[in-house]
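User: Hi! Could you walk me through what holds this protein together on the inside, and then its charged pairs?

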Amino acid sequence: MVVYVFRRAQGCRLLSDLLVATDSDEVVEACHAHHVPAVLTSSAHRSGTDRVWEVSRARVADVYVNVQGDEPLVTTGHIESLVRPFLNEPEVQVTTLKTRATPEEIPTRTANKVVTNRHGDALYFSRLPIPCDRDERGSVTYWKHIGMYAYRRSVLEMYHSLPPSSLEQAEQLEQLRLLEHGIPIRVLETREPTIGVDTEEDLKAVVALVASRRS
């Protein structure tokens, strides 16, 4: 799956360098067997952001993009959406993606939700449905958060230097550390569907979707 994700990400022309960062010898061996560049990082990292920070020590760039290896449906459109704000909006520090949640995704805790302000910056992320439709009017739009990010180098430095925050630990969502310390996260809408593979059922759904596109 990691090799598959790498090949799909290769199609984005906005990326000047691309590699797999992991703490697994098995993943590194699999990548090298398919001629995919991979580096072994510390097993002490608690999040993907920390792992990207380690990579940034040896590879200097203005912006770093974090595409999780369990996102086999990533597209060049996803990555371009993450990167483009950095090209002409100097105030943007971090970007991520959202898409409309399906009725099945709204109640589940495996599909993270996000709410934003009118400028498109995140107000909060949660595993629960937010906002609460208190009067059950059915007029609330729920947004699913897609766990891909892009960061300025300075943000990675700050993130790694900060201890895990209380909200981050409660929700087990790493991006909340940034919000708790006043770092804005720009959230871009995408209409390209994606399925993060967290369970066997997710994997089966991805395999079926890919097979249907090839037929």
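Analyst: Happy to; we can start with the nonpolar cores and then turn to the salt bridges. Please keep in mind that this is a predicted model.

User: Great. How many residues does the largest nonpolar core have, and which have the most contacts inside it?

Analyst: The largest nonpolar core has 19 residues. Those with the most contacts inside it are Val94, Phe125, Tyr151 and Leu178.

User: Okay, switching to charges. How many salt bridges are there?

Analyst: The count comes to 10 salt bridges. One of them pairs the side chains of glutamate 89 and arginine 186, at 2.9 Å from N to O.

User: Why would you say that pair ties parts together?

Analyst: Glutamate 89 sits in the loop between helix 4 (76-88) and strand 4 (94-100), while arginine 186 belongs to strand 8 (residues 186-189), so the pair links parts that are 97 residues apart in sequence.

User: Are those two buried or partly exposed?

Analyst: One of each. Arginine 186 is buried, with a relative accessible area of 14%, whereas glutamate 89 counts as partly exposed at 24%.

User: What about arginine 177, which partner does it have?

Analyst: Arginine 177 forms a salt bridge with glutamate 168, and their closest N and O atoms are 2.8 Å apart. Arginine 177 is buried, at 3% relative accessible area, and glutamate 168 is buried too, at 9%.

User: Which residues do salt bridges with shared partners join into one network?

Analyst: Those would be Glu89, Asp121 and Arg186.

User: Last one: how exposed are aspartate 135 and arginine 134?

Analyst: Arginine 134 counts as exposed, at 70% relative accessibility, and aspartate 135 is partly exposed, at 42%. The two form a salt bridge, with the closest N and O atoms 3.2 Å apart.

Definitions and conventions
Residues are numbered from 1 along each chain as its sequence is written. This is a predicted model: local features need pLDDT of at least 70, side-chain atom pairs count only at pLDDT 80 or more; totals for chains, interfaces and linings use all residues. Side-chain values use heavy atoms; hydrogens and water are left out. A nonpolar core is a set of buried Ala, Val, Leu, Ile, Met, Phe, Trp, Tyr and Cys residues joined through side-chain atoms within 4.5 Å. Buried means under 20% relative accessible area, exposed over 50%, partly exposed in between (1.4 Å probe, protein chains only). A salt bridge is a side-chain nitrogen of Lys or Arg within 4 Å of a carboxyl oxygen of Asp or Glu. Helices (H or I, at least four residues) and strands (E, at least two) are DSSP runs, numbered from the N terminus.
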